[in-house]
Every structure is written in structure tokens, then in C-alpha cells.
Amino acid sequence: LACFLTHIRSSEVTASSRHYVDRLFDPDPQKVLQGVIDMKNAVIGNNKQKANLIVLGAVPRLLYLLQQESSSTELKTECAVVLGSLAMGTENNVKSLLDCHIIPALLQGLLSPDLKFIEACLRCLRTVFTSPVTPEELLYTDATVIPHLMALLSRSRYTQEYICQIFSHCCKGPDHQTILFNHGAVQNIAHLLTSLSYKVRMQALKCFSVLAFENPQVSMTLVNVLVDGELLPQIFVKMLQRDKPIEMQLTSAKCLTYMCRAGAIRTDDNCIVLKTLPCLVRMCSKERLLEERVEGAETLAYLIEPDVELQRIASITDHLIAMLADYFKYPSSVSAITDIKRLDHDLKHAHELRQAAFKLYASLGANDEDIRKKIIETENMMDRIVTGLSESSVKVRLAAVRCLHSLSRSVQQLRTSFQDHAVWKPLMKVLQNAPDEILVVASSMLCNLLLEFSPSKEPILESGAVELLCGLTQSENPALRVNGIWALMNMAFQAEQKIKADILRSLSTEQLFRLLSDSDLNVLMKTLGLLRNLLSTRPHIDKIMSTHGKQIMQAVTLILEGEHNIEVKEQTLCILANIADGTTAKELIMTNDDILQKIKYYMGHSHVKLQLAAMFCISNLIWNEEEGSQERQDKLRDMGIVDILHKLSQSPDSNLCDKAKTALQQYLA
């Protein structure tokens, strides 16, 4: 019986919905208009009814009527209103409207001379474009659309509000910013900041925040724009005063932040230090709503990220470091939220607060040792970060790793807090199967934990780090290859023979040579650094060269012959100098005339760094107290090395001059 009743009810709904759609096809235009008006009243706030009408094909018919030349302006306007109402429903509704090509139809409608119809089309476009399922590109497909929208800005306060809202939602990235900028967005929107309508002022402000974000060209222009005799930054400062609505304060602070980060406003300017920064700190307080606290903390993190002075000022403003600790306790069961809907919303979004706090802590602790200490001493902070590493939300995990990475730049903390909380354990877990963006930061942090003074180095080695890092060096992502090889380089520094052997075995010589011919300069430099660390201390040098000598000499030859910069060649000559310091390894150089000629060539190079590196090789080969030194000295003399040493002993570079004199003494001894 229940099923039967449900069936009747749903068919009733469909029948009444069908009646609305059928009326759209009436031959009498007056009845069609009345049908559209009745439909408008039926769908307001009724998602079920909206879905039914879409399924029954109302959208193509409404769009047809909207585009028919014979339709009255009133009918067209009502059709645009109903379509706007349907778009206010679910994301699926918007998808259905997009499938029926609603955007080109509405954009066409903007060419009408009738203002009410234009406003209805814009309102509907605003609703469609602000939906997450609508591709922003649809606004830019036809090159005539943006200039036409700019021209419509002067028509009414509604066209101003809707167009600014469309722009701020559809401006994603530098290409869009450039299009809007080139069509006069700055000049056309600036005067709207003094509009009598709060909504217009607010949407204009949002436009400027998206236009200025990471865009020096726009930001530099904004600094000098005058509105009613006042510069834009001064207007923004007025809009972030305490008596203004929070949304306005936050968005103005964003505009000033983005202009500052784009280099248009100095970091020590009063409008940043005395206005923007304190306003953003205020947004982090308990009194603010969850989304305001999130936006405030994230914007502040972005503002202070590159500037140590701003980090210091922020850290002592309104007890910010302690204030952020509250982000982890909210909402608790005792939160004073009487509104159940609000509590439900905040519980679902509490992870955004934790993410924002981690981001801001990462920025605060980026440079200053005292600030890092304060952060770590904040109640249970290390435990909270460690917990953050295993949260289900990727964004929280990423922010927690960034925060840890920032704190791991401290030698003191690596030796204490990081060890006390065994941070390396959850970090190794994160590295097992994380998305690339997390892997890049986590592996970067692992490089710090593997520095020779870090107590975590041993346990990390024991937990299979070598294989993990060798795996990273094979990544498609150059940042991961760099971090993998960098961490191995740190691991090999002053390491035991066993660790070096493990690295060489896990990495394989094939992979080592692949990395030495990597197109990314950072990868090549770090790989040379790894080789240099592997080839240090005599027994290790001799052992490694006895098993891998031929390939290593081949790689060195290739690099010295290749088109590489000074730094790469210097590192390579330093590797040769290390090989020349071996007991048996020396012979691999002495029996290789090609390499000897290259060393001779670099002794006479125009760049002092390369001359010095080549000198180290020669000094290590001719050192008197070592077996076979006489034969080596004779061979090098026959090659003309002594003549070059005499010449270098007259060098204006004191370092080079001293090294040459020391080498010549070996011949005299």
C-alpha cells in the first residue's frame, strides 16, 4: 500500500509539472506568459519541482522563447528569471542548463536594448557562473563578451553587482587577469568602490582581490589609481577599519596583501604593518565565524611568508601564537553555538581551521628561531602536528607537513622536540603513498632530518629510507628527483662504508648515470654532491673506485666535455680531487691520459674556481709522502704541469698563488 501511495504521489507531481511545461507550447502568447509566471512562482524554493521541470524538458523551451524575436520583452525577461531560479537548485540542475547551451543564449540576450531583460540575463549568468560545475572558460570563448560586459557596467547598480560577481568568479589565473586588465577592468571598476550600494562596493572589492593576486602588472597599476582624488590603497585601508562589515575588512586586507606580495607595496609600509597585518590577526580571534578565521589565518600566512620582520611583528600581535592553538579545539561539545545548523556546519568544516593554523604556523616559523621555539612550546603542538600527518583530508596533511618542514629548519628543534616526538615515524608513513604535492614537502623535510647532526638519522636509515629515496629519484616530477637525491647526499655525508654501499646498491649505477645526464640542473648538482660524499675518506674512495671506477671515470669525462656551467664543472673536478686522494684510486687518473689533459686544461682556465679545483687534483697526485709519488711527479712534469705551476705562483689571486707554491714545494722536497 505504501509503495502504491508513493507511486500516486510522484505521478501527481509529474502531472502537475507536465501541466506547467505544456502551457509553454500554447499558441496564445498571453497564456504562455502567464504559464511562465506561474512556473516562476511554483519553483521558488522547491528543488523537487525544479528537477521535475528540467526532466520534462522545460529548459530547451524556455531558451527557445528567450531567443525568439517574436517573444515580447516581458516574456523573455520572465523566461530568464525562471532559468535563474532553476540554476539556484542543485549542481545537477546547472549541468542540465549547461548541456542546453544556456550561456551563449543569455550572452546573446545582453545585446537587447531593454535594461530589465539585461539584468535578468546577468542575474541568471551570475548564478550559473558561480556554480562549481561551470567552466570559467565559457566566459572567454567569444572575444566580444568581455568588452560588452565592461560597457554594461554603467547601466545600473544591478549590472554593476552581477558583472563584478561574474568577473571575480571567472578570473582564474594570469591569462584571465590579462584579458580583464587589457579590457580596462581597473578603470571601469575602480569608481564602483564609492558606490552607494554596499553590494556593488563589495563585488568591486572582490574583483580587485582576484585581479591583483600574484600579478605585479595589475598590482603596480592599482597603487596609482585615483578615485575621487584618493589613491586606491587609501580606500582599501578605510575599508578595513573595525566599523566596516567583516567581509569588507577581510577582502580589503586581501587586496593589500596581494599588492604587497606582488611587489607593489613595501612590506614595511604603514598600510601593511599598522593596518593590514593587525586586521588579519583580528580575524583569527575566537569571536569570528569559522570561515572568517580560516580566511584570516590563510591570508596572514601568505602575507608574512617571505618577510622575517612581518613574521616577528605578527608573532607578538594579540598573542597570535596562543590564539591559533584554539583552532584545534573548535568546535568542542561546549562551544557556545545555539544555532544547530551553524554547529553542524562547523563540525563538518573544523578541519579547515586546523589546515589554516598549520599554514600560519609554517609562515610564522619560517626564519626565526625564537618564534619556532614559541610555536613548539604551545600546548601539545608537536602532538597536534603529528596527528595532522595522518588526517583523512589531504589539505590538512599537506599543511601539517609544511608546518613541520618549517620547524625542521632549526638545528635546536631537530635535536630536541623532533627527537622526543619521534617525528620521523609518521613522516616515513606519509612518504609511503602520498600525492605528489605532499611528497615534495615531506621529502624536503626528510633532507633536514638526515643532516649529520640530526639524531633521527639513524632510525630513519633503519626503517628503509634508502630504498624509498632511491625510488623518488626515478619520479617524473623533477622536485621529487631533487629531494630524493638531496636526501641521499645528506645521508652519505661522513657516513659509514656500509651505508654508502647500500646507497650505491639500491640506486644502481645505471640510475646514477641517468641522474648525471638529467635535464634538471638541480638534480645534476645534487647527484654530483652525492658522488662527492660517497667518495670521501680513503678506504671508502678505494673501495668504491675498485668496484665502480670505470663507470665513474666515464661520467666525469662526459661532464667535463659537456656544455655545463662553472658550478657543475667545479663539483666534477672536486670529485676528481677526492679520487686523487685515494691510495689505489689515484691510478685510475694517472693511467687515463684524457683525464690528465682535462685537468691540465682547467689549470689554465679563465675562471679561478675551476683553476683551484684542478689544483687540488694535482696536489693530491704529487704529494710526497705517498707511495709512487716520484713516478707521478715525473709523468706530470713531462706533461708540462710544473711550467703551469710556476705561472700560477705569480697569480694575482692569493689563494691560487699559495696552492701553486705549495705544490711546487713537493717537487723540491
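Are Y258 and Y302 buried or exposed? I looked this up before anything else. Both Y258 and Y302 are buried (buried is under 20% relative accessible area, exposed over 50%, partly exposed in between, with a 1.4 Å probe and protein chains only).

**Ground rules.** I am working from a predicted model, in which local features need pLDDT of at least 70 and side-chain atom pairs count only at pLDDT 80 or more, while totals for chains, interfaces and linings use all residues. I number residues from 1 along each chain as its sequence is written, and side-chain values use heavy atoms, with hydrogens and water left out.

**Aromatic pairs.** I find 7 aromatic pairs in the structure (ring centres of Phe, Tyr and Trp, the last by its six-membered ring, within 6.5 Å; planes under 30 degrees apart are stacked, over 60 edge-to-face, the rest tilted). One of them is F213 with Y302, a tilted pair at 5.6 Å centre to centre and 45 degrees between the planes. F213 sits in the loop between α13 (198-212) and α14 (216-223) and Y302 in helix α18 (residues 290-304), so this pair ties together parts 89 residues apart in sequence. I took helices as DSSP runs (H or I, at least four residues), numbered from the N terminus, as are strands (E, at least two). F213 is partly exposed, at 34% relative accessible area; Y302 has 16% and is buried. The rings of Y258 and Y302 have centres 5.8 Å apart and planes at 75 degrees, so I log the pair as edge-to-face. Y258 belongs to helix α16 (residues 246-261) and Y302 to α18, so parts 44 residues apart in sequence are tied together. F213, Y258 and Y302 make up one aromatic cluster.

**Helix α6.** In α6 (residues 91-99) I list N93, V94, L97 and L98 as buried. These residues cover an arc of only 140 degrees around the axis, which puts them on the same side of α6 (the arc is that of the directions from the helix axis to the C-beta atoms). An α-helix has 3.6 residues a turn, so residues three or four places apart point the same way. N92 and D99 are exposed on the face turned away from the buried side of α6. The cover over the buried residues of α6 includes α3 (47-55), α4 (58-67), α5 (73-87), α7 (102-109) and α8 (115-129). After α6 comes H101, with a positive phi near 60 degrees.

**Helix α23.** Which residues are buried in α23 (residues 381-388)? I get M381, M382, R384, I385 and G388. Their arc around the axis is only 160 degrees, which puts them on the same side of α23. They pack against α20 (320-325), α21 (340-364), α22 (369-377), α24 (394-407) and α26 (417-420).

**Core.** The largest nonpolar core has 242 residues, and F208, L364 and L576 have the most contacts inside it (a core is a set of buried Ala, Val, Leu, Ile, Met, Phe, Trp, Tyr and Cys residues joined through side-chain atoms within 4.5 Å). Domain 1 (410-536) and domain 2 (549-668) both contribute residues to this core, so it lies between them; the bounds come from an automatic or database domain assignment. Leaving out residues up to four places away in sequence, I find L576 touching M553, V556, L560, I589, I595, I599 and C617 (contact means heavy atoms within 4.5 Å).

**T557.** T557 lies in helix α35 (residues 538-561) and is buried, at 13% relative accessible area.
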